[in-house]
Amino acid sequence: MAVTIDDVRHIAALARLGVDDARAASLVSELNTILAHMDVLSTVDTSGLDAVAGIGAFAAPLGADLGPPIPLVRPIESFAPQERDGFFLVPRLSTHEDPEAA
Amino acid sequence: MNGSAALPPESGAGALSAGELRDAVARGDVDPAAPVRAALERAAAIAACDRSGLNILLYTDADDARDQASAVAERGRRGAAPGPLAGVPVVLKDNIATITLPTTCGSRILDGYVSPYDASAAARLRDAGAVIVAKSNMDEFAMGSSTEHSAYGAARNPLDSARVPGGSSGGSAAAVAAGLVRIALGSETGGSVRQPAAFCGVVGVKPTYGRVSRFGLVAFASSLDQIGVFGRTVDDAALGLQVIAGHDPLDSTSAALPVPDYRGAVRGAMTGVVIGRPREYFPDDLDPRVRARCDAAFDALAGLGAEIRDVSLPHSRLAIEAYYIIAPAEASSNLARFDGVRYGLRLEGDGLRGMYEATRSRGFGGEVTRRILLGTYVLSAGYYDAYYRKAQQVRGLIARDFARAFGDGVHLLFTPTTPTPAFALGACAEPYDMYLSDVFTCTANLAGVPALSLPIGRVDGLPVGGQLIAPHFDERQLFAAAFALERALGAAAHR
Amino acid sequence: MTASSPPGDRYEMVVGLEVHVQLATATKIFCRCSTRFGGAPNANTCPVCLGLPGALPVINQHAVGLAVRAAQALDCTVRPSSAFARKNYFYPDLPKGYQISQFDQPLAVGGCVTIGTRPDGSPVVVNLTRVHLEEDAGKSIHDRYPGATAVDLNRAGVPLIEIVSEPDIRGSAEAEAYLTVLKRILEYVAVSDVSMERGSLRVDANVSARIRGESALGTKTEIKNLNSFSGVVRALEAEFARQCAVLDAGGRVEQQTMIWDSASGRVSPARSKEASHDYRYFPDPDLPPLVLHLEWIDEIKRAMPELPEARRERYRTEYAMIGASIVERLVASRAVGDYFEQVARQSADPKAAANWLTTEVPAALNASSSSLDQLAVRPADLAQLITLVNSGVVSHTAAKQIFATMVATGDPPRRVAERDGLLKVSDDDRLAAWIDEVLAASPEEAARYLGGEQRLQGVLVGQVMKRSNGSADPKRVNQLLAARIGR
């Protein structure tokens with residue numbers, strides 16, 4: 001199951017990581033080197049095993065439908081890269097630019 | 001090559017244990033401002049005496065530290081009961097959110113970010129009267145085992161500045177080793193407290209998954225992450241963990257269990273205690289000098305009355321592989337929030353997509369980028385079952401091995417913390433070589449069990465760590481054994 | 001078979017709907033920020049719903065309870081253990097870079113909705129695939145600032161359920177019927193305010209076309225941006241027509257996402273920059289499994305409010321005097337039925353109550369474009385008005401006028417009647433005076449009536465009623481007028 005340069009470009013796009021051609025080529029070999037070590041896992045018989053790890057077997061706690069929320073000691077404008085009238089601003093995108101917006 | 005820098009000698013309040021200092025503050029013998037000032041002065045002195053700098057701390061704020069110390073003193077004057085860490089200076093790893101001092105995870109992408117809320121662990125330290133004096137250097141987003149992968153420069157080992165302090169919590173381990181503070185917080189995902197504790201010759205404890213709230217710990221791999229504590233001694237570490245342990249309603253994976261008294265676990269003999277010696281952690285090619293130190297520790301434990309029993313944890317040999325699938329997979333999702341929209345770095349590009357890519361590709365370093373891509377790959381369509389699902393199943397097998405060992409009458413396990421002492425800066429050129437330094441530690445993260453590393457001697461002047469592993473939520477037994485072993489080894493632990 | 005015949009003659013429209021419903025909680029699903037609609041941008045946010053580094057989710061118990069109730073109302077099987085998963089994608093209003101949703105272990109599976117009856121009497125049933133919990137995203141505003149998109153995260157983390165139907169819906173009329181019935185059920189069990197205007201009910205449609213008589217499904221497309229039931233109908237017809245044209249031309253329908261533009265009435269493909277979606281779902285490690293105690297599931301079931309079908313049956317027996325079509329209108333919404341029942345009980349006149357609830361009340365709501373819960377007239381006051389009519393204190397005519405004033409002022413009926421002089425007048429002297437005035441004002445009709453043209457009596461009574469502002473007792477006016485011509 002070797003990683004190809006197209007795979008690297010695909011996952012870099014999914015992860016929104018700009019990767020140039022030279023870096024993509026070196027990543028192919030880096031990832032393949034690491035993944036080659038992982039192939040040992042495929043030799044383990046795990047049939048009939050749960051995929052969930054043995055830890056954290058407890059159930060999720062449920063919180064009351066009641067405020068107050070966790071306060072911010074500093075307002076949004078103190079950390080927002082670009083803010084106006086309380087909104088976060090980002091470069092304009094047309095309404096349906098990205099079909100991933102489900 | 002030995003790059004050891006002569007550290008300035010410790011004196012005054014800095015030489016007291018955390019508990020002794022707290023008691024002195026509680027009695028009114030010591031003004032909380034004094035130890036805080038001493039910690040910052042020592043940090044400055046160390047920076048000044050080593051030309052390259054150990055680069056242990058990323059952020060300090062003397063004014064803020066002084067204000068915190070005055071608040072503690074004021075609480076005392078008003079007659080409030082002194083907290084269990086009253087006036088004790090502490091250092092926090094740079095991935096634990098604090099409302100004073102930046103929280104940047106050693107990454108450029110969070111350059112300048114100051115959290116608008118406190119992590120639960122930070123809040124508990126403040127409530128206990130501790131003074132947060134600094135945020136410490138770390139591998140970017142805790143990805144690394146050497147603190148070389150920090151956007152703010154590599155940290156160095158205070159015992160030998162040509163060597164790494166370990167990682168990813170290298171800065172916190174080094175801060176304790178260099179005598180800046182007696183207690184520091186780190187975080188673990190695969191050994192990031194125990195491994196640097198071993199490399200720096202201090203005590204490092206990773207509690208059971210769920211014992212300490214993760215709320216405010218910037219996530220690397222959520223199912224593995226856990227805040228841990230460094231102490232100069234077992235008692236320092238026990239006191240630190242005592243304060244931050246316990247249920248937190250803000251973390252759904254936090255366990256609603258009572259916290260026993262860890263410092264009270266101290267006891268002399270270990271009669272009736274069965275210590276397992278898992279053969280997979282003593283491979284044939286283990287450095288014989290490390291093996292010799294472990295054998296000496298086993299002798300000491302046996303001398304205290306413990307029974308040493310050979311056991312097997314057969315699936316531990318698959319731990320690194322499972323770990324390096326699960327951790328990057330979760331990281332690829334956890335690090336998606338660093339997108340330049342709401343906080344942290346933003347770099348402009350072509351439209352929104354360009355902004356995302358410019359921000360993330362230049363905000364993250366090489367190791368983080370590699371792991372995000374690895375994690376994205378193993379979760380992506382067509383590969384999930386072969387990698388992520390398989391790794392989680394193997395994780396289940398690893399956890400089952402521990403449960404069986406503990407179910408068969410073994411109370412604790414003892415292993416070397418790392419295969420080797422601290423390596424030289426730049427020694428691990430291949431990512432996978434670096435990954436191997438987690439080989440003995442990441443199993444406890446995968447199984448969720450508590451583990452502790454303490455110094456058990458030196459090799460060529462470099463500390464060697466021994467690791468104790470206990471069943472889920474049995475930190476008290478972990479500390480009991482650590483107290484006993486620490487006392488039995490005495491000065492030999494640092495020779 | 002010709003190309004000019006309507007596509008529905010040759011092809012069958014196959015539809016599956018995904019309905020997102022906002023749950024009526026006070027706080028968000030994973031943090032305790034308010035879910036209140038409106039408010040200053042990003043006012044209802046905290047470290048958790050801003051996706052700040054280190055923040056963690058905690059599940060809102062009430063959101064789970066409402067989701068379980070909704071699932072039970074839809075006959076789903078609630079699973080004692082379900083799990084949250086992360087759906088990973090980048091969008092500026094998705095703060096964490098992933099949505100916490102449910103994937104391979106949803107809260108509930110199965111279930112069905114009966115949307116009508118076939119001519120042969122058999123029910124038309126739409127089966128459900130699943131109901132799961134998830135968090136809403138924030139809001140991106142594209143037209144407020146030049147060159148920038150503004151992001152408001154007040155809605156981020158608001159609890160939703162997604163109700164996914166099987167592709168059991170045939171045609172746009174069935175789609176509309178399904179949505180109507182579904183919305184009614186959700187309103188009955190009070191899990192949501194089910195307002196499309198406020199975005200608390202949103203619909204995505206999967207639609208495909210196949211030649212009539214075939215059993216295999218055609219390639220589907222997904223239509224997004226559907227913001228009204230009529231929009232769903234129009235969009236389905238438009239997309240179906242487009243698919244039929246493609247098929248007629250010998251082409252193949254491409255599986256893709258379509259965007260509905262209600263202004264132009266057209267669907268167009270969403271611009272796609274990536275070949276395929278790859279959401280990299282995996283179990284959210286921040287949230288252990290959602291384990292529901294069977295006692296709690298049972299308790300929610302026992303406390304289930306009455307569902308529309310049960311209420312319809314009850315009305316048919318309890319209020320046998322009311323016609324079937326009126327019953328249908330009374331059960332159309334829980335609010336109307338609840339209101340009706342209070343008025344019926346307090347006035348002891350279900351027929352009158354039903355009459356008011358299907359005539360004057362909806363007219364008043366229409367005139368002010370408001371909903372029943374905003375109506376100033378409370379059920380007790382309407383019941384009293386009916387009692388005033390039945391006991392002869394006010395006339396039917398006056399009652400309508402009194403009601404209009406009650407709508408405007410919220411005052412109780414007797415006070416309105418007294419203040420506006422609308423109490424029924426049976427006093428012969430005052431009635432005689434009005435009759436004299438009417439006869440004097442219309443001398444020609446008066447002459448003809450008094451001359452024996454009896455059929456004019458009705459007209460004259462009407463004029464007396466008008467002159468008395470509706471307060472004259474019409475029965476007595478008739479008697480007095482008849483007496484004038486010696487009858």
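Visitor: Leaving aside its neighbours within four places in sequence, which residues is B:Gly204 in contact with?
Guide: Keep in mind that this model is predicted. In it, B:Gly204 is in contact with B:Ala173, B:Gly186, B:Val193, B:Arg194, B:Pro196, B:Ala197, B:Gly228, B:Phe230, B:Leu452 and B:Ser453. You'll find B:Gly204 in strand S5 (residues 203–206) of chain B.

Visitor: What makes the phi of A:Arg16 stand out?
Guide: Most residues other than glycine have a negative phi. A:Arg16 isn't a glycine, and yet its phi is positive, about 55°. Look for it in the loop between helix H1 (5–14) and helix H2 (21–38) of chain A.

Visitor: And is A:Arg16 buried or exposed?
Guide: It has 23 other C-beta atoms within 10 Å, so with a cut-off of 20 it's buried.

Visitor: Why does C:Ala348 count as exposed?
Guide: Exposed means 12 or fewer C-beta neighbours inside that range. C:Ala348 has 12 inside 10 Å, so it counts as exposed. C:Ala348 also has a positive phi, about 55°, without being a glycine. Its place is the loop between H8 and H9 of chain C.

Visitor: How do you know that the bond from A:Gly67 to A:Pro68 is cis?
Guide: Check omega: it's near -5° for this peptide bond, which is cis. Most peptide bonds are trans. A:Pro68 sits in the loop between strand S1 (62–63) and strand S2 (83–84) of chain A. In chain B, a cis peptide bond joins B:Gly167 and B:Ser168, with omega about 5°. That B:Ser168 belongs to the loop between strand S3 (131–136) and helix H5 (170–177) of chain B.

Visitor: At what angle do helix H8 and helix H9 of chain C pack?
Guide: H8 (residues 334–347) and H9 (residues 350–358) make an angle of about 145°, and their axes are 8 Å apart. Their crossing is right-handed.

Visitor: Which residues in H8(C) and H9(C) meet?
Guide: From H8(C) come C:Val336, C:Tyr339, C:Phe340, C:Val343, C:Ala344 and C:Ser347, and from H9(C) come C:Pro350, C:Ala352, C:Ala353, C:Ala354, C:Trp356 and C:Leu357. By class, that contact has 11 nonpolar residues, one polar and no charged.

Visitor: Which elements do the buried residues of H8(C) pack against?
Guide: The buried residues include C:Arg334, C:Gly337 and C:Glu341. The partners are helix H3 (172–188), helix H6 (308–318), helix H7 (324–330), H9 and helix H11 (379–390) of chain C.

Visitor: How many residues of chain B are in contact with chain A?
Guide: There are 54 on chain B, in contact with 47 of chain A. H12(B) gives the most to that side of chain B, with 13 residues. The side divides into 29 nonpolar, 15 polar and 10 charged residues.

Visitor: How many residues of chain C are in contact with chain B?
Guide: 26 of them, meeting 34 residues of chain B. On the chain C side, 17 are nonpolar, four polar and five charged.

Visitor: What pattern does chain A follow along the sequence?
Guide: It reads α-α-β-β-β, from two helices and three strands. Of its 102 residues, 30% count as buried.

Visitor: What is the mean pLDDT of chain A?
Guide: It's 86, and 83% of the residues reach 70 or more. Over residues 95–102 of chain A, though, the pLDDT is below 50. Beyond near neighbours in sequence, that stretch has 14 contacts in the model.

How values were computed. Residues are numbered from 1 along each chain as its sequence is written. Chains are lettered from A and ligands numbered from 1 in the order in which they are written. This is a predicted model: local features need pLDDT of at least 70, side-chain atom pairs count only at pLDDT 80 or more; totals for chains, interfaces and linings use all residues. Two residues are in contact if their C-beta atoms, placed from the backbone, lie within 7 Å. Helices (H or I, at least four residues) and strands (E, at least two) are DSSP runs, numbered from the N terminus. Ala, Val, Leu, Ile, Met, Phe, Trp, Tyr, Cys and Pro count as nonpolar, Asp, Glu, Lys and Arg as charged, and the others, Gly among them, as polar. pLDDT is the predictor's confidence in each residue, from 0 to 100. Axes are lines fitted to C-alpha atoms, for helices over the stretch in contact, and angles run from 0 to 180 degrees between N-to-C directions. A crossing is left-handed if the near helix is turned anticlockwise from the far one by less than a right angle, and right-handed if clockwise.
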